[in-house]
Amino acid sequence: SGCWWAGELWLNCSLTGVSALPEDMPQTAVTADLSYNTIKTVLCPEGGKEEWMLKHLNLSHNLISELTLTTCRSFSGLETLNLDGNAIHTLTLGIPTPAHEPNKHGKVDCLLPALKVLSVEGNKLSRVPRGLGLLQSLQTLHLTSNGIRQIELNDFQNCSQLRDINLGKNKITAIHLDAFRDLHKLQVVVDLRDNALATPLPQLLIALNFFQLEVDLSGNAW
């Protein structure tokens, strides 16, 4: 595939002109850099008899427009996924089963159980991807520079481990006042700068539980 080893466990395929995940990608690679290529479609390989050791996958600056992460279950140890600088308008994670009892979330199957960091900056998302709660270890979410227009009530449903959310430089005009209510581990920053927020500031700060968080709301429409 033209890729080369940069260290014992790091596979470097950056700027090699690959248009898909290499078929000869070894299962022993811990880090795989496939940035700055012409990948349009991501078809994750099957797990086979041996478990994949991959922890860090960089697919930034390719030509991906749609991505379904449910096909990547073989990467059970993946901790960081970088999708920055593509043209992603549809990111499918799966949708939780509806709850049968009021005030309780539906049962969800864990997807990519070790994933802690998901970065989808500089893409074409018009909304927060549904089913983020399937990534039950997710701690950091970067969605800067997309076209997200609003934050809905269930956008972060079941995201109990989220600590850092970056939503700057979108087109957000409204945030549901309970959207962040159950995110008890948020502790780093909620970045909402350079949007088009019109939600009354006092209500928004209460919704963000601002006395515990650092919140960046600069460059909005007030």
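Asn220 counts as buried in this predicted model, because its relative accessibility is 16%, which falls under the 20% cut-off for that class. The residue belongs to the segment that follows strand S14, a strand made of residues 215-216.

**Asn220 and its surroundings**

- Which residues does Asn220 touch, once those up to four places away in sequence are set aside? The contacts are with Leu192, Arg193, Asp194, Asn195, Ala196 and Leu197.
- One of these residues, Leu197, also has its backbone nitrogen 3.1 Å from a polar atom of the Asn220 side chain.
- A polar atom of the Asn220 side chain likewise lies 3.5 Å from the backbone oxygen of Ser218.

**The sheet**

- Ten strands make up an open sheet with mixed pairing, and their order across the sheet is S1-S2-S3-S4-S6-S8-S9-S11-S13-S14.
- The edges of this sheet are strand S1, residues 4-5, and strand S14, each of which pairs on one side only.
- Strand S14 is therefore both an edge strand of the sheet and the strand after which the segment with Asn220 comes, a segment in which Asn220 counts as buried at 16% relative accessibility.
- Strands of a sheet pair through backbone hydrogen bonds, and they can do so in a parallel or an antiparallel way.
- Strand S6, residues 80-82, and strand S8, residues 117-119, run parallel and are joined by three bridges.
- Within this pairing, Leu81 stands opposite Leu118, which is in S8.

**Aromatic pairs**

- How many aromatic pairs does the model contain? The count comes to two.
- Trp52 and Phe75 form an edge-to-face pair, with 5.5 Å from centre to centre and 80 degrees between the planes.
- This pair links distant parts of the chain, since Trp52 is in the loop between strand S3 (31-33) and strand S4 (56-58), while Phe75 is in the loop between strand S5 (66-68) and S6, 23 residues apart.
- Trp52 counts as buried because its relative accessibility is 10%, and Phe75 counts as buried because its value is 1%.
- Phe156 and Phe180 form a stacked pair, for which the centre-to-centre distance is 5.5 Å and the angle between the planes is 25 degrees.
- Phe156 and Phe180 are both buried.

- The C-alpha atom of Leu43 is separated by 9.2 Å from that of Leu69, although the two residues are 26 residues apart along the chain.

**The chain as a whole**

- Among contacts between residues at least 6 apart in sequence, 55% join residues that are at least 24 apart.
- The accessible surface of the protein chain comes to about 11300 Å², and 51% of that surface belongs to carbon and sulfur atoms.

Conventions: Residues are numbered from 1 along each chain as its sequence is written. This is a predicted model: local features need pLDDT of at least 70, side-chain atom pairs count only at pLDDT 80 or more; totals for chains, interfaces and linings use all residues. Side-chain values use heavy atoms; hydrogens and water are left out. Helices (H or I, at least four residues) and strands (E, at least two) are DSSP runs, numbered from the N terminus. Buried means under 20% relative accessible area, exposed over 50%, partly exposed in between (1.4 Å probe, protein chains only). A polar contact is a pair of N or O atoms within 3.5 Å; within protein, one must be able to donate a hydrogen and the other to accept it, and residues adjacent in sequence count only if both atoms are side-chain atoms. Contact means heavy atoms within 4.5 Å. Two strands pair if DSSP finds at least two bridges between them. Rings of Phe, Tyr and Trp (its six-membered ring) pair if their centres lie within 6.5 Å; planes under 30 degrees apart count as stacked, over 60 as edge-to-face and the rest as tilted. Accessible areas come from the Shrake-Rupley method with a 1.4 Å probe; for residues, only the protein chains shown count as cover.
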